[in-house]
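Me: I would like to learn how to read some local features of a protein model. Please take them one at a time.

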Amino acid sequence: MQATAWWQRGIIYEVYPRSFQDTNNDGIGDLKGILTRLDYLVELGVDVLWIAPIYPSPMEDFGYDISDYCGLDGIFGTLADFDQLLNAVHERGLKLILDFVPNHTSNQHPWFLESRSSRENSKRDWYLWCDATEDGGPPNNWLSNFGGSGWEWDATTRQYYYHSFLKQQPDVNWRNPSLREAMFDVLRFWLDRGVDGFRVDVMWLLFKDEQFRNNPINPASHEGSPASQRLLPIFNADRPEIHGLVASMRSVLDSYGERLLLGEIYLPINRLVLYYGKDLTGATLPFNFHLIQCAWRADAIAHLIREYEAALPPGAWPNWVLGNHDQPRISSRVGSEQARVAAMLLLTLRGTPTIYYGEEIGMRNVQIPPQEIQDPAEKNEPGLGLGRDPERTPMPWDCSLSAGFTEARPWLPLGEDYTTRNVVNLSRQKDSILRLYQALIRLRRSNEALISGRLEGVVANGNILRYERTDHGQHFAILLNLSHEQEEINLERGRILVSTYLDREDDLFERSVSLRSSEGLIVNLT
Ligand code: GLC
Ligand code: CA
């Protein structure tokens, strides 16, 4: 299948705007900051920038609680700054996609202020309001993903409203036609300004059971499980109505030409792939997060790749992700050596890769002292490891005080290793992970087999994960040593294109090739 669309050929890069680059020294990243770092992204070789929410927000959930969908929070800049950034992105041949958060607004959004003002208000039905049960309790057992009941009592109008996340993030009612139109207008507002698409927040949660039925107990949960896992989310997630809605969002985007609809979806593969929609009219790319959850073993990963490829509907384009602003960093999860193997995996699999900022320099989770914790997920359920601050810390650019990120005190602490693990330092080191990312991206961009090529022969040979990419006479094998042992693998003959150690380029081998501890190789078999 020839990949022709920009979202098939390109590499996505997620910027968490609070932590990328500060320019006005308030310790928080901003749009001007992203602008000053665009050339870094060009040099890295990525194509599509996804920026996490930048809209006006009380910041209870750091921008995922939006109080105005068509503006910019002063922390990040102005609409003029946005236009300037978008222009600069396009001038460099890059694309820009925004985060669209349609499941909930902030409780400070004018829509909600109206909705909660009285039961008769015209926007009452824009949110999910329900009567109490006879004993005054919440309408059902649905939980918030941040712990506790998902229902909040409103004393003024004497009903409960539902919130999948914080009580400051009331869920909207997608069954209401005016809400639906208002939301689509938001998409049009940004599309008219020239954005290239959206990453849709919690796409699989947008619809809830119309009858508000109770969720069953999750038999797999136990005492210590996070509250949100104690029930099976049968009635408040992945409802059948969602696919019609996603298709409508997609047609809004399609009326602007080739635009990207990326869906944030945490579901098993068989449910996930349904989000491509009937005849591929749903999400352009339903995010595939399965590498984040997969055991880091050759057999498990081989199985995952085969299962995912087999489940894809005809013509659907795959995608892969190692991390994002909600997940522990890959380098902490699998270790610094295996993070290089992970990079080779991500950039040689078939499908669009997404890089989370800092992955390319091997950023690790940063331990946050208790008094500096910011994330409500940690504050609400402390100690369960649910906090996301560790993967949201400032990008270390150089070894100066505050790492070139800011001249003030950064909103989250820098990693202790920032004086060595920073962009300036790693770009000078010939064998650094940053150089590896650049080499892998360069190779990918210049070899069609790595973009459009078939993916074949995905197997685990002991600790080696192996697969091939082929296209019009090009024939590459990818060999990834998932262990810390030296391994040997039989292979006719070939030439090494890249080693994760960045030191065996152009070496020839015959009959067999050896891999050092945590070594990955891309070899040319033609
Ligand atoms: C998504 C976001 C996450 C946010 C949540 C609520 O999962 O990625 O950061 O907290 O939605 O909007
Ligand atoms: Ca700032």
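Me: Which backbone oxygen does the side chain of Ser331 reach?

Reply: A polar contact is a pair of N or O atoms within 3.5 Å; within protein, one must be able to donate a hydrogen and the other to accept it, and residues adjacent in sequence count only if both atoms are side-chain atoms. Here the Ser331 side chain reaches the backbone oxygen of Gly362 at 3.4 Å. This is a predicted model, where local features need pLDDT of at least 70 and side-chain atom pairs count only at pLDDT 80 or more, while totals for chains, interfaces and linings use all residues. Residues are numbered from 1 along each chain as its sequence is written, chains are lettered from A and ligands numbered from 1 in the order in which they are written, and side-chain values use heavy atoms, with hydrogens and water left out.

Me: Is Ser331 buried or exposed?

Reply: Buried means under 20% relative accessible area, exposed over 50%, and partly exposed in between (1.4 Å probe, protein chains only). Ser331 has a relative accessible area of 2%, so it is buried. Contact means heavy atoms within 4.5 Å; beyond its neighbours within four places in sequence, Ser331 is in contact with Ser336, Ala339, Gly362, Met363 and Arg364.

Me: What is the strand order in the open sheet of three strands?

Reply: Strands of a sheet pair through backbone hydrogen bonds, either parallel or antiparallel. Strands (E, at least two residues) are DSSP runs numbered from the N terminus, and two of them pair if DSSP finds at least two bridges between them. The order here is β4-β6-β5, with antiparallel pairing. β4 (129-130) and β5 (151-154) each have a single partner strand, so one side of each is left without a neighbour in the sheet. Four bridges join β5 to β6 (residues 159-162), and Trp153 stands opposite Tyr160 in β6.

Me: Where is Thr157 found, and what does its side chain join?

Reply: Thr157 is found in the loop between β5 and β6. Its relative accessibility is 7%, so Thr157 counts as buried. A polar contact of 3.0 Å joins its side chain to that of Arg124.

Me: Which residues are the protein donors of the calcium ion (ligand 2)?

Reply: Donors are N, O and S atoms within 2.8 Å of the metal (3.2 Å for Na, K and Ca); water is not among the atoms, so sites may look incomplete. The protein donors are Asp22 (OD), Asn24 (OD1), Asp26 (OD), Ile28 (O) and Asp30 (OD), 2.2 to 2.4 Å from the ion. Their spacing along the chain is D-x1-N-x1-D-x1-I-x1-D. Asn24 is partly exposed at 47% relative accessibility, and Asp26 is partly exposed at 35%.
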